[in-house]
Amino acid sequence: MSRAPKTDDDTPAEPACAPAVKGQSIEAIAQGIAIAILEKRLPPGTWLREEALGRVYGVSRTKVRAALLMLSKDRLIEMIPDKGAFVSKPTVQEAREVFAVRRILEAEVVRLFIAKAGPADYAALEQHIAMEHQAARRSTGMREELLGDFHVALAKATGNATLTELVHELVARSALIAMLYQSSNDPHCSTDEHADFLRLCRQGDAPAAVASMTGHLERIEASLQLDTGPPGRPMDLVKALLA
């Protein structure tokens with residue numbers, strides 16, 4: 001039987017999920033764990049113990065296992081035979097590949113968006129940017145998730161479901177990468193760049209909008225400490241988040 005990862009005080013780590021309503025569905029459990037990961041409450045390398053998650057969500061280990069399998073398809077977690085499920089720890093090579101692919105895909109997203117978007121699409125994205133500003137002022141844990149959601153919302157507005165799924169997966173993996181490689185990205189800067197980008201889209205200037213998006217993603221990648229590599233050990237779990 002595998003042993004629980006230890007924290008500095010030699011106590012087993014517990015999942016740092018937000019308090020949950022008991023008896024949730026598999027989809028709700030998967031969403032709750034994903035949000036905890038994206039909000040940096042479940043660091044890369046964290047062992048997601050099925051029995052502990054079952055206690056948090058008040059469900060059987062069978063339901064927990066099904067939720068973890070859902071998350072593994074999005075590459076948010078890694079299922080290791082005979083060991084269990086762990087929050088993914090992307091390598092430096094993976095990190096560079098994710099951002100390289102994002103630049104290619106999101107350039108096409110931008111072109112499709114400008115060709116297809118209507119007033120309602122622009123209004124929805126402007127509202128999203130306003131939410132980003134509000135979250136940044138409050139310094140809430142939601143701001144990183146909102147910044148990523150902007151890219152997903154942009155892809156969704158193109159009407160291409162497959163493209164949206166790919167962007168969603170890459171954005172989620174980018175959040176893990178930012179956590180693991182200690183991103184110095186300023187949320188205020190990202191929100192301002194989103195606003196400038198959307199202004200170019202409204203003007204119908206596709207080349208400028210593509211260049212804006214590409215530069216935005218390049219700056220985010222440059223904020224990562226990829227040359228020094230990740231910390232030498234997984235970050236400890238904050239048990240207070242179980243309260």
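Leaving aside its neighbours within four places in sequence, which residues is Glu50 in contact with? Select Glu50 and find out: the partners are Arg61, Val64, Arg65 and Leu68, where contact means heavy atoms within 4.5 Å.

Before going on, a word on the model. It is a predicted one, in which local features need pLDDT of at least 70 and side-chain atom pairs count only at pLDDT 80 or more, while totals for chains, interfaces and linings use all residues. Residues are numbered from 1 along each chain as its sequence is written, and side-chain values use heavy atoms, with hydrogens and water left out.

**Stop 1: Glu50**

Stay on Glu50, which sits in helix α2 (residues 50–57). Helices (H or I, at least four residues) and strands (E, at least two) are DSSP runs, numbered from the N terminus. Now show the side chain of Arg65: it makes a polar contact with the side chain of Glu50 at 2.7 Å. Such a contact is a pair of N or O atoms within 3.5 Å; within protein, one must be able to donate a hydrogen and the other to accept it, and residues adjacent in sequence count only if both atoms are side-chain atoms. Glu50 counts as buried because its relative accessibility is 16%; buried means under 20% relative accessible area, exposed over 50%, and partly exposed in between (1.4 Å probe, protein chains only).

**Stop 2: the whole chain**

Zoom out to a cartoon view. The protein chain has nine helices and three strands, in the order α-β-α-α-β-β-α-α-α-α-α-α along the sequence. Of its 243 residues, 46% are buried. Among contacts with a separation of 6 or more, 77% join residues 24 or more positions apart.

**Stop 3: the largest nonpolar core**

Select Val110, Phe113, Leu154 and Phe197. These have the most contacts inside the largest nonpolar core, a set of 37 residues. A nonpolar core is made of buried Ala, Val, Leu, Ile, Met, Phe, Trp, Tyr and Cys residues joined through side-chain atoms within 4.5 Å. Helix α4 gives the most to this core, with nine residues. In soluble globular proteins, nonpolar side chains tend to be buried together.

Next, centre on Leu154. Not counting residues up to four places away in sequence, Leu154 touches Val109, Val110, Phe113, Leu125, Phe197 and Met213. Another core, of 24 residues, lies apart from the largest one; Ile29, Tyr57, Val64 and Ala172 are among its members.

**Stop 4: two loop residues**

Most residues other than glycine have a negative phi. Select Arg75, in the loop between α3 and β2 (77–80): although not a glycine, Arg75 has a positive phi of about 65°. Arg75 is partly exposed, because its relative accessible area is 40%.

Then move to Asp82, in the loop between β2 and β3 (84–87). Its phi is also positive, near 65°. With a relative accessible area of 78%, Asp82 is exposed.
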